[in-house]
Amino acid sequence: MRFTNTLRVAEHLRHLDILAILQDVEIEILWTLGRFDEARSHYARAQALKPDYADAHLAQAVALQRQGRNEDAVLLYRRTLALHPGYVDAWSNLGTICYYQADYAQAMHCQQQALALAGDNPARLNNLAMACLAALQPEQAEHALRRALAMPAAPAVCRFNLAVALLMQGRYAEAWPYY
């Protein structure tokens, strides 16, 4: 019984230590200054304490992505999703990288996963539409963009992208008002 309680206390202390590291003001300062390698070393410490801590994997992936190290970021996003398959930001960010790597089918899949998990979001719907347009699937893009534009917080770029989707389908007159 004492051994079990000791393990619980140790796990709790490890969790508090991780939170202290992740919320350290120094990380925020390093991040703001663009010193991603140094910030990532703090996250690496958190991962060493608790290897299954998905937030640390995600934060490192974002840092790698901002450094243009997309292949490394993809690996960490996938590791994040292996630990926590319902992590919406990891799905969305992975979809963005796949889009920039011209893997449009994977980009669409990732954005669809993010939408399925978190519900409609105008920015994510626009990201899905961009992947659909790049994959030459303007009908799917149109559907996503109309869903986005039905929401009050839809970014203006959704209107332009809807015009592109309609133009790609040869629906010129219908596309004109969205420019």
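Helices (H or I, at least four residues) and strands (E, at least two) are DSSP runs, numbered from the N terminus. The structure is a predicted model, in which local features need pLDDT of at least 70 and side-chain atom pairs count only at pLDDT 80 or more, while totals for chains, interfaces and linings use all residues. Residues are numbered from 1 along each chain as its sequence is written, and side-chain values use heavy atoms, with hydrogens and water left out.

Helix α8 comprises 13 residues, 122-134. Its expected span, defined as 1.5 Å times one less than its number of residues, is 18 Å, which agrees with the 18 Å that separates its end C-alpha atoms. At the start of α8, a side-chain oxygen of Asn-121 comes to within 2.9 Å of the backbone nitrogen of Ala-123. This pair may be set against the definition of a polar contact: a pair of N or O atoms within 3.5 Å, where within protein one must be able to donate a hydrogen and the other to accept it, and where residues adjacent in sequence count only if both atoms are side-chain atoms. After the helix comes Leu-136, which has a positive phi, near 60°.

Residues are classed by relative accessible area as buried (under 20%), exposed (over 50%) or partly exposed (in between), with a 1.4 Å probe and protein chains only. The buried residues of α8 include Pro-122, Leu-125, Leu-128, Ala-129 and Leu-133. Contact being defined as heavy atoms within 4.5 Å, the buried residues of this helix pack against α6 (88-100), α7 (104-118), α9 (138-149) and α10 (157-168).

Beyond its neighbours within four places in sequence, Asn-126 is in contact with Leu-145, Val-157, Cys-158 and Asn-161. Arg-124, also placed in helix α8, is buried at a relative accessible area of 14%. With residues up to four places away in sequence not counted, Arg-124 touches Val-88, Asp-89, Ser-92, Gln-111, Ala-114, Leu-115 and Ala-118.

Side chains of opposite charge can pair when their charged atoms come close. With a salt bridge taken as a side-chain nitrogen of Lys or Arg within 4 Å of a carboxyl oxygen of Asp or Glu, seven are found in the whole structure. One of them joins Asp-89 to Arg-124, with the closest N and O atoms 3.1 Å apart. Asp-89 lies in helix α6 and Arg-124 in helix α8, so this pair ties together parts that are 35 residues apart in sequence. Asp-89 is partly exposed, at 37%, whereas Arg-124 is buried.

A further salt bridge links Arg-171 and Glu-174, whose closest N and O atoms are 2.9 Å apart. Arg-171 is partly exposed, with a relative accessible area of 27%, and Glu-174 is partly exposed at 34%. These two residues belong to a network of salt bridges that also links Glu-142 and Arg-146. The side chains of Asp-72 and Arg-69 meet in another salt bridge (3.3 Å, N to O).

In the loop between α4 (54-66) and α5 (70-83) lies Gly-68, which is exposed, with a relative accessible area of 52%. Gly-68 is 29 residues from Ile-97 in sequence, and their C-alpha atoms are 10.0 Å apart in space. Trp-176, in the segment after α11 (172-175), is exposed at 65% relative accessible area.
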